[in-house]
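Here are my notes on this model, point by point. Please read them with the structure open.

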Amino acid sequence: MQITNVTMPKNKYSIKCPYEMNPEYITIHNTANDANAMSEISYMIGNNNKTSFHVAVDNERIVTAIPFNRNAWHAGDGRGKGNMKSIGIEICYSKTGGERFEQAEKLCAEYVAYLLKQYGWGIERIKKHQDWSRKYCPHRTIDLGWPRFLNMVQAYLEEQTPIYNNVKNDGSEEKMKTYQNGSTTEVVYADTNCTNRIGSLNPRESCDCFGIFNNRAMVRYKVDGNNNYKIGFCKWIGGVK
Ligand SMILES: [Zn+2]
């Protein structure tokens with residue numbers, strides 16, 4: 001995944017990204033154009049229209065322009081959450097579509113999963129431009145199936161290095177190994193559907209893992225200083241200690 005960072009000149013901040021932002025969502029767009037990501041970003045930075053977005057993705061690269069702690073004008077909802085609280089991502093080549101568009105969509109899904117992981121978010125944080133205002137955008141992504149795109153992101157989210165390749169879904173060959181949580185807090189659930197929250201793992205906390213069940217790590221973790229443990233499931237399966 002190749003990410004190219006292009007710097008928005010500070011003297012354009014007042015036009016393109018005037019407000020500080022603490023992002024809460026990711027908004028997906030289609031460019032309705034046939035230009036590549038670098039061209040879309042260059043054009044956006046170069047003109048003096050208010051319209052702006054944080055990232056453009058084509059079939060080969062991801063190009064960022066506006067830092068995620070600044071707003072951008074992409075959602076058509078004025079000072080609403082779309083413009084003021086979301087990271088705007090454009091998927092290129094949507095005008096004609098075809099293979100290069102589908103590859104751009106795929107790369108975008110991978111990149112969105114990467115961002116969700118960084119923020120500790122789930123796919124419910126992904127919005128369509130259409131969710132903020134009436135514009136039919138991302139037009140081709142919607143035409144091809146919005147749930148299909150969310151599923152693509154979810155698949156990337158769940159793509160992880162298995163701790164035991166030989167653990168079966170029914171739990172056979174289970175054995176326990178200690179692993180360490182990553183740099184963000186991990187929510188632990190009572191079930192593999194991740195609906196019933198029972199606790200959390202602190203960043204870098206160690207816990208015992210029995211294996212992977214329905215793409216969830218089954219973990220045993222300390223709930224207090226008295227050697228009391230709980231068993232649960234979490235989404236993130238990181239490095240083995
Ligand atoms: Zn849009």
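1. I start with a loop residue. R204 has 10 C-beta neighbours inside 10 Å, so R204 counts as exposed; the cut-off for that class is 12 or fewer. R204 sits in the loop that links β9 (197-201) to β10 (206-213). The phi of R204 is positive, near 65 degrees, and the residue is not a glycine.

2. A32 is another non-glycine residue with positive phi, in this case near 55 degrees. The loop between β2 and α2 (37-46) holds A32. A32 has 14 C-beta neighbours inside 10 Å and therefore counts as partly exposed.

3. C137 and P138 are joined by a cis peptide bond, with omega about 0 degrees. P138 belongs to the loop between α5 (129-132) and α6. As background, most peptide bonds are trans, and most residues other than glycine have a negative phi.

4. Confidence comes next. This is a predicted model. The average pLDDT of the chain is 87, and 90% of the residues reach at least 70. Where does pLDDT stay under 50? That stretch is residues 161-169. Where pLDDT is low, the predicted coordinates should not be read in detail.

5. Now the chain overall. DSSP runs give six helices and 12 strands. Of the 241 residues, 34% are buried. Take the contacts between residues at least 6 apart in sequence: 65% of them join residues at least 24 apart.

6. Helix α4 passes a simple length check. α4 covers residues 99-119, which is 21 residues. At 1.5 Å a residue the helix should span 30 Å, and its end C-alpha atoms are 30 Å apart, so the two values agree. G120 follows α4 and has a positive phi, near 70 degrees.

7. Which residues of α4 are buried? They are F101, A104, E105, L107, C108, A109, Y111, V112, A113 and L116. Note that E105 is on that list. What do the buried residues of α4 pack against? Their partners include the strands β2 (25-30), β3 (55-57), β4 (62-64), β5 (86-91) and β6 (126-128). The helix α6 (139-158) is also a partner.

Methods. Residues numbered from 1 in each chain as written. Predicted model: local features only at pLDDT ≥ 70, side-chain atom pairs only at ≥ 80, totals over all residues. pLDDT = per-residue confidence, 0-100. Contact = placed C-beta atoms within 7 Å. Helix = DSSP H or I, 4+ residues; strand = E, 2+ residues; numbered from the N terminus. Expected span 1.5 Å × (residues − 1). Buried ≥ 20, exposed ≤ 12 C-beta atoms within 10 Å, placed from the backbone.
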